[in-house]
Amino acid sequence: MGRARRREILQGLSAFGGEMKRIAVLTSGGDGPGLNPCIRAVTRMAIHLGVEVVGVRRGYLGLINGEVVDLDRRAVSGIMGHGGTFLGTARCPEFLTEKGRREALRTLNRLDIDGLVVIGGNGSLTGALELHRMGFPVVGVPATIDNDINGTDIAIGVDTALNTILDAIDRIKDTASSHNRAFLIETMGRDCGYLALASGVAGGAELVLIPEVEITMEEVARVIGDTYVRGKAHCIIIVAEGWKPGTRALVDYLNSRHEELGFEIRLTVLGHIQRGGRPSAFDRLLATRLGAAAAEALIRGKSGVMVGWRHDRAVTTPLEEAVAFCKEINMELWKLALVMEK
Ligand code: F6P
């Protein structure tokens with residue numbers, strides 16, 4: 001692309017921007033890889049459009065307490081490759097109350113902030129919707145490793161978390177095969193089995209247990225026994241945190257039938273390892289595109305929307321729709337898992 005064309009595009013981008021002089025950005029709820037690149041993108045796009053930016057520390061809690069920091073281009077340099085969020089985050093029960101939200105509005109007014117970008121999962125985006133309903137301009141960005149938000153094919157953090165789980169599955173397979181053991185590997189996903197299902201398919205697991213599909217403990221025992229009889233050296237079962245009756249109950253049950261199963265049983269709970277780490281290339285790109293698009297949308301005058309990623313581009317969805325219910329699991333992927341597990 002020629003220099004003149006590049007200048008034209010950049011001028012086009014900065015040709016709008018009217019009312020907004022100063023916006024804020026915050027990360028809220030459970031953290032995940034890619035939050036830093038997203039804060040950076042919001043900041044740099046806003047500054048490019050001539051708008052000042054402040055970062056709110058510790059999510060909605062910082063908004064209630066007025067903990068903010070000025071962000072310039074320099075303040076967000078060198079953070080692309082870092083997991084977590086340099087602004088900090090929190091789960092904030094106070095924000096669920098009318099009083100908490102009014103305090104947050106007071107902070108926004110006192111600091112002359114004209115609009116807010118909220119980066120986070122379902123709870124955080126529900127908070128964003130409440131602020132919008134109170135008349136304050138807000139745009140949301142989906143960021144949660146659970147991948148359970150409507151209006152986006154994928155949320156920030158999912159790709160890195162999946163790669164972390166895959167790394168763990170590969171390592172566990174090594175030791176499982178050496179000892180001829182069956183392993184239950186528990187992934188995060190309180191209400192949604194996406195991480196377990198996707199990592200199970202990509203990691204070649206023998207079985208995946210997710211909250212959306214009912215499978216009894218007897219059926220699990222049968223799969224383990226069959227896998228042993230087929231002569232496999234290991235049996236890997238991925239269990240989503242939200243699967244009922246839960247991994248601990250399953251371990252106890254399987255241990256009580258140990259003689260019939262062939263394999264010894266072991267459990268690995270991956271826990272918060274899944275939420276940390278350097279964001280993948282995919283997450284950095286996604287976070288940059290969504291963060292920039294969110295800042296642009298807010299400055300253009302949009303509010304009450306989430307900027308998500310669909311069919312290879314940034315699209316807006318009303319926050320009401322985005323948080324109305326948990327995104328449904330892809331049953332095609334579930335069926336494929338069944339075929340591949342055999
Ligand atoms: O919502 C994202 C998530 O990672 C869930 O899958 C998990 O249940 C939860 O966060 C854990 O939250 P916390 O870090 O507050 O224990």
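**Notes on core and helix packing**

1. Isoleucine 224 is in contact (heavy atoms within 4.5 Å) with Ala182, Cys235, Ile237, Leu254, Leu261, Phe263 and Ile265, leaving aside residues up to four places away in sequence. The model is predicted, so local features need pLDDT of at least 70 and side-chain atom pairs count only at pLDDT 80 or more, whereas totals for chains, interfaces and linings use all residues. Residues are numbered from 1 along each chain as its sequence is written, and side-chain values use heavy atoms, with hydrogens and water left out.

2. Ile224 and Leu254 have the most contacts inside the largest nonpolar core, which has 84 residues. Such a core is a set of buried Ala, Val, Leu, Ile, Met, Phe, Trp, Tyr and Cys residues joined through side-chain atoms within 4.5 Å, where buried means under 20% relative accessible area (1.4 Å probe, protein chains only). Helix 11 (residues 281-300), with 9 residues, gives the most to this core; helices are DSSP runs of H or I, at least four residues, numbered from the N terminus.

3. Because domain 1 (3-157 + 279-322) and domain 2 (159-275) both contribute residues, this core lies between them; the domain bounds come from an automatic or database domain assignment. Another core, of 29 residues, lies apart from it and includes Ala24, Val56, Ala128 and Val323.

4. Helix 2 (residues 35-48) packs with helix 11 at an angle of about 40 degrees, their axes being 7 Å apart; axes are lines fitted to C-alpha atoms over the stretch in contact, and angles run from 0 to 180 degrees between N-to-C directions. Among the residues that meet there are Ala41 and Met45 in helix 2 and Ala287 and Gly291 in helix 11.

Note on methods. Buried < 20%, exposed > 50% of the residue type's maximum accessible area, 1.4 Å probe, protein only. Helix = DSSP H or I, 4+ residues; strand = E, 2+ residues; numbered from the N terminus.
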